[in-house]
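Subject: Handing over a structure

Dear colleague,

Here is the structure that I would like to pass on to you, and my notes on it follow below. Please look at it first and then read on.

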Amino acid sequence: MSALDVGQGSAILVETATQALLFDAGPRHFGGGDAGERVIAPQLQARGIGRLDVLVLSHADLDHVGGTRSVLAAVPVARSYASFDVAAWLRRDARLWPGQDGAGEDGRTPARMLRCERGDSWQADGVTFTFLHPAAGAPVAGGDRNANSCVLRVGGAHHSLLLTGDIGVAQERELAALG
């Protein structure tokens with residue numbers, strides 16, 4: 001696991017023996033540029049990662065998804081998970097920021113775009129990835145985006161990692177009650 005230095009926001013790279021997962025794509029800076037272009041894409045290239053198996057976008061705040069289009073322009077993504085409609089977000093973002101290269105109306109998008117939901121899980125190289133939040137049926141849009149953040153547990157043989165997006169105290173208590 002590598003926490004990439006994107007400033008305000010989040011970008012966590014998780015690598016197994018054969019796969020790479022990115023949790024969040026860092027912020028966009030209104031003065032120009034974004035963390036996907038400045039930090040994430042160069043880091044992926046330096047590590048020899050030519051594709052992402054999974055991209056998780058915890059919630060639709062710009063400090064977590066602002067670099068998404070640059071990441072998608074840099075590497076293909078097999079599967080994405082989000083607490084919001086990624087395709088709609090990419091279209092809207094392309095209209096608002098038309099000069100930025102990357103995904104959007106004519107750009108690259110993940111091959112499969114799924115919603116994160118509690119209980120969804122998969123394994124790669126002995127590592128188990130499990131979504132703990134949000135619950136199935138939670139609202140996709142509106143309300144508190146932070147409260148709907150995807151929460152991913154990454155469990156290995158001897159260690160685990162909890163990636164929480166921006167959930168609040170109420171959601172933390174809910175997760176603690178689950179055990």
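In what follows, a residue is called buried when its relative accessible area is under 20%, exposed when that area is over 50%, and partly exposed in between, computed with a 1.4 Å probe on protein chains only. Please keep in mind that this is a predicted model, in which local features need pLDDT of at least 70 and side-chain atom pairs count only at pLDDT 80 or more, while totals for chains, interfaces and linings use all residues. Residues are numbered from 1 along each chain as its sequence is written, and side-chain values use heavy atoms, with hydrogens and water left out.

Ser2 counts as buried, because its relative accessibility is 18%. Contact being defined as heavy atoms within 4.5 Å, Ser2 touches Ala11, Ile12, Leu13 and Arg47 when residues up to four places away in sequence are not counted.

Ser2 belongs to strand E1, residues 2–3, where strands (E, at least two residues) are DSSP runs numbered from the N terminus. Two strands pair if DSSP finds at least two bridges between them, and 6 strands form an open sheet of mixed pairing, in the order E1-E2-E3-E4-E5-E6. E1 and E6 (112–115) stand at its edges with a single partner strand each, so one side of each has no neighbour in the sheet.

Strands E3 (residues 20–23) and E4 (residues 52–57) run parallel and are joined by 3 bridges, with Leu21 opposite Val54 in E4. E4 also pairs with E5 in the parallel sense, over 5 bridges, and here Val56 has Tyr81 in E5 as its bridge partner. Tyr81 in turn has Leu114 in E6 as a bridge partner, E5 and E6 being paired in the parallel sense over 4 bridges. Strand E5 (residues 77–82) is mostly covered, with 5 of its 6 residues buried.

With best regards
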